[in-house]
Amino acid sequence: MKNALKNLRDWLFPEVSPEVTREVDALNVLVINVMAIFYAATLLVAIILELTGIVKPENEQVALFSLVTGFIFCIVIHVVFAYIRRHCVENHTLIKIIDVVFSVVILLWVISISARMYNLGNQIVSFYCIVFSLVCFTVIHPATSIPLFSSAFICLYIIAYAIDGAAEISPFNFMSFMLISIAGSVEKYRVTIDKINKNLKSEALNASYLHMMRHDPLTKAQNRNAFVEDSPNYYGKCLDLCVCDVDNFKQLNDTYGHLAGDKVLSSLAAILIDKFGGESVYRFGGDEFIIIKETGKNSDFSKDWEDIQPLVYDIKIDDINAYVGCSGGISRGTPENGKDFQDLMTSADKELYKIKKQKKSASA
């Protein structure tokens with residue numbers, strides 16, 4: 001019995017993540033915004049038909065008042081949700097409150113319309129249409145939809161019963177419509193969150209694959225593939241481009257092993273990423289890195305480069321007492337195309353080897 005109740009509870013009230021909640025809210029904002037316009041257009045047509053005399057209800061003033069009231073409400077809802085889409089899309093509490101208010105008010109409005117139509121001996125088709133449109137298009141949490149729709153059906157039945165004992169309503173059919181509406185709303189919610197969950201997992205998987213394709217697993221810096229893809233994004237921008245590598249890296253590898261070399265590369269990459277940002281640092285190959293930054297009025301790339309040198313010198317690899325240095329050649333320019341960009345890299349590369357040659361001469 002407990003398992004059955006738990007399964008029923010899980011079916012009615014499935015757990016959802018904050019990400020799914022945000023997606024549901026965004027969907028409701030869009031759907032209700034469109035529904036409000038659709039309702040308003042339908043009501044406007046009805047108003048025109050009544051004013052032109054094409055349709056003549058028994059009580060024209062009451063009918064016109066109801067139509068105009070519904071039209072104004074729908075326009076207000078459209079404006080409110082359009083504003084929410086632009087400015088308050090992250091305010092989930094506000095969205096939920098307005099969702100419920102919209103559903104309650106539209107149901108109260110259609111109940112009043114349907115009660116008047118029933119009192120005149122007409123069908124209550126409007127009520128069924130509005131309820132089913134809410135069921136089909138909005139995504140309402142079962143904790144709200146179950147009492148909302150059951151209350152609407154019960155309220156209308158009580159009104160019909162007060163009028164003529166609900167003589168024109170089949171209790172079985174009416175109850176069936178109510179249960180179908182509730183079950184449909186619950187299933188709509190479940191199907192929607194299941195679809196959103198799958199989409200979010202797919203997006204996360206795609207993002208993970210994209211990250212793997214664009215990043216070096218050892219250093220966590222962007223890789224050469226990312227560099228090639230990103231290069232056109234730098235065209236037309238004033239850039240500081242730095243080509244740098246580890247001093248005497250081959251000797252370090254040969255003396256202390258490749259694991260030590262890997263730790264040096266990962267430590268250096270962490271320093272570069274922390275200083276220049278992950279979007280600006282690329283591992284071009286081996287121990288060579290490229291850093292690209294847009295030239296800014298409030299930044300000095302050369303000074304930033306000098307600031308990281310003490311951090312590089314402080315790199316410690318286990319118990320190895322080895323000097324770690326890093327040399328970099330910097331060039332500045334505004335590449336307009338691939339050739340200009342390649343020239344900028346070549347200039348930085350030449351500057352790098354010039355600096356490395358000077359270091360070797362100084363240590364000789």
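The model is predicted, so to speak of local features pLDDT has to be at least 70, side-chain atom pairs count only at pLDDT 80 or more, and totals for chains, interfaces and linings use all residues. Residues are numbered from 1 along each chain as its sequence is written, and side-chain values use heavy atoms, with hydrogens and water left out.

- Strand 1 covers residues 239-246, and eight of its eight residues are buried, so it is largely enclosed by the rest of the structure. (Buried means under 20% relative accessible area with a 1.4 Å probe, protein chains only; strands are DSSP runs of E with at least two residues, helices are runs of H or I with at least four, and both are numbered from the N terminus.)
- In a regular strand, side chains alternate between the two faces of the sheet.
- Here both faces are covered: Leu 239, Leu 241, Val 243 and Asp 245 are buried on one side, and Asp 240, Cys 242, Cys 244 and Val 246 on the other.
- Strand 3 (residues 288-294) pairs with strand 1 in the antiparallel sense over six bridges, where pairing takes at least two DSSP bridges between the strands.
- Strand 4 (residues 326-333) also pairs with strand 1 in the antiparallel sense, over eight bridges.
- Asp 240 sits opposite Lys 293 in strand 3 and opposite Arg 332 in strand 4, while Leu 239 faces Gly 333 in strand 4.
- Strand 4 is mostly covered too, with six of its eight residues buried.

**The largest pocket**

- About 750 Å³ of space lies in the largest pocket. (A pocket is an open set of points on a 1 Å grid over the protein atoms alone, where a 1.4 Å probe fits, with protein on both sides within 12 Å along at least five of seven lines; lining residues have an atom within 4 Å of a point.)
- Its lining takes in 30 residues, and Thr 42, Leu 43, Leu 67, Trp 109 and Ser 126 lie nearest the centre.
- Helix 2 (18-51), helix 3 (60-87), helix 4 (92-119) and helix 5 (125-137) each supply at least two lining residues, with the largest share, 10 residues, coming from helix 2.

**Ser 145**

- Ser 145 belongs to helix 6 (residues 142-164) and counts as buried at 0% relative accessibility.
- Leaving aside neighbours within four places in sequence, Ser 145 is in contact (heavy atoms within 4.5 Å) with Ile 140, Ser 185 and Val 186.

Key. Buried < 20%, exposed > 50% of the residue type's maximum accessible area, 1.4 Å probe, protein only. Points joined across faces, edges and corners; volume = space filled by probe spheres on them.
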